[in-house]
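This report describes how a ligand is held in a protein model. The structure comes first, and the text follows.

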Amino acid sequence: MRVDVLLGLQWGDEGKGKIVDVLTPHYDMVVRFQGGPNAGHTLEFDGQRIVLHTIPSGIFRENTINVIGNGVIIDPFIMLNREIKQISAITEVKPKLYISEKAHLILPTHRLLDAANETLLGINKIGSTLKGIGPTYTDKIGRIGLRVGDLLLSNFQEKYDYLKNIHLRQIESLKFDYSTVLIDGMPFAEYEQVWHEASQTLKSYHICATEYLINNALTEGKKILAEGAQGTLLDVEFGSYPYVTSSNTITAGVCSGLGVAPNKIGTVYGLFKAYCTRVGEGPFPTELFDDIGNRLRTQGNEFGSTTGRPRRCGWLDLPLLKYACMLNGVTELIMMKADVLDCLETLNVCTQYTCAGKTTTEIPYNLSNGVLPQYEQLKGWNKPIDVNNMPSELMNYISFIEAYLGLKIKLVSVGRDRKQNIIL
Ligand code: GDP
Ligand code: IMO
Ligand code: MG
């Protein structure tokens with residue numbers, strides 16, 4: 001068997017949580033391979049709305065095992081107190097959850113460093129979620145990070161204090177005063193205490209070498225779905241650097257983030273919104289600053305699932321989408337939030353850029369400067385979508401995108417609930 005992959009083709013928040021939840025009944029295992037609590041994946045069913053950050057979105061289906069792979073980074077406090085507590089009111093988590101011993105830990109001081117770095121950057125800040133993502137992956141690559149498996153060692157506290165002191169010296173050298181900084185609403189010392197308590201609780205979960213769990217499951221013929229976090233345009237290699245996250249959000253990240261060989265990758269589901277959004281700083285060629293942008297934000301409820309920040313909105317950008325399909329080896333497309341366009345008479349779609357007097361469909365090195373999107377205009381359907389009789393303008397929109405990308409759209413999502421989908 002192979003691992004199927006589902007990931008975002010834009011700047012995150014494409015609706016990955018919803019579709020993983022929809023697809024989970026077809027899988028034995030749902031696994032996260034990168035990112036951490038910077039992710040906010042929303043699921044809606046039976047009138048309930050749940051936002052997951054670290055826990056895979058397969059957790060609500062009874063017979064599915066959920067795995068947090070080695071490429072993920074974990075904040076024990078967020079995972080236990082902000083997620084598992086909420087999920088436990090609906091379903092039992094512990095028997096269904098396996099955590100890689102090699103997943104790195106986000107320490108409270110990583111979060112202080114994240115805040116310090118952003119403060120230092122000033123107007124050039126990344127717009128980080130302030131969950132400590134950049135500093136934790138920095139320590140991983142710098143080979144000084146702490147891993148979940150370290151929690152089980154008798155000298156964990158010693159290792160923790162050593163790394164904490166390195167961080168405090170870094171913070172001091174940045175002249176960052178953290179005395180008034182609140183982490184999840186708490187002063188540093190209080191957060192550190194609840195973090196340690198959560199870390200102790202984490203030890204009672206299934207902590208193991210998940211690379212064996214996953215590869216053994218494949219050998220036994222089990223079906224596995226890898227759930228991406230963030231989106232392709234936030235990938236540290238190919239995203240709009242430096243306005244990116246610190247992990248590989250693309251299909252390649254599945255191999256290193258789970259210990260799965262490249263020849264074991266199966267179907268790659270690429271998700272995109274019928275328009276574009278971005279939260280945080282960084283270039284966004286098709287961004288709308290007018291009334292249409294505001295309407296997309298209101299209709300689409302485009303406010304961050306993790307931070308509550310308003311998301312920037314704009315037209316669909318096909319050169320970027322094609323780039324994302326190429327990088328990920330997408331085999332099936334899923335278009336999200338088509339219903340949000342119900343209110344528009346005409347739809348613009350970016351098909352190329354002009355840049356330094358030339359037109360191009362390739363992504364320029366610097367997306368920030370002088371990149372002007374060129375649009376084709378299509379007729380909008382301008383009415384609520386009837387799922388049994390899809391408007392011809394929506395069918396045209398779909399055909400236009402499919403022709404440009406050379407791939408088929410297999411599912412169109414038309415609402416927040418797990419039942420609101422059109423299978424094509
Ligand atoms: P993720 O990070 O990719 O899982 O996406 P988020 O959960 O951060 O953001 C997607 C938002 O859109 C959530 O609030 C979803 O409930 C919502 N959503 C998902 N699919 C649809 C859809 O087809 N239509 C509408 N209107 N909302 C959707
Ligand atoms: P999901 O999985 C949207 C953005 C942040 C910021 C940049 C770096 O819900 O799609 P970081 O905290 O990672 O250092 O922030 O990346 N970002 C996301 N934007 N969806 C996400 O996750 C994101 N995770 C990080 O806003 O611009
Ligand atoms: Mg999200």
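From which domains does the shell around ligand 1 draw at least three residues each? They are domain 1 (3-100 + 207-269) and domain 3 (272-423), with bounds from an automatic or database domain assignment.

This is a predicted model, in which local features need pLDDT of at least 70, side-chain atom pairs count only at pLDDT 80 or more, and totals for chains, interfaces and linings use all residues. Residues are numbered from 1 along each chain as its sequence is written, chains are lettered from A and ligands numbered from 1 in the order in which they are written, and side-chain values use heavy atoms, without hydrogens and water.

There are 19 residues around ligand 1, and K16, T42, S305, D339 and S413 come nearest; a residue counts as near if one of its heavy atoms lies within 4 Å. The shell divides into 3 nonpolar, 8 polar and 8 charged residues. Gly is counted among the polar ones.

Both α1 (16-23) and β3 (41-45) supply at least two residues of the shell. The most come from α1, with 3 residues. Helices (H or I, at least four residues) and strands (E, at least two) are DSSP runs, numbered from the N terminus.

| Protein atom | Ligand 1 atom | Distance |
|---|---|---|
| G40, polar backbone atom | oxygen | 2.8 Å |
| S305, polar side-chain atom | oxygen | 2.8 Å |
| G415, polar backbone atom | oxygen | 3.0 Å |

Taken alone, ligand 1 exposes 590 Å², and the protein buries 97% of that (Shrake-Rupley method, 1.4 Å probe).

Note on methods:
A polar contact is a pair of N or O atoms within 3.5 Å; within protein, one must be able to donate a hydrogen and the other to accept it, and residues adjacent in sequence count only if both atoms are side-chain atoms.
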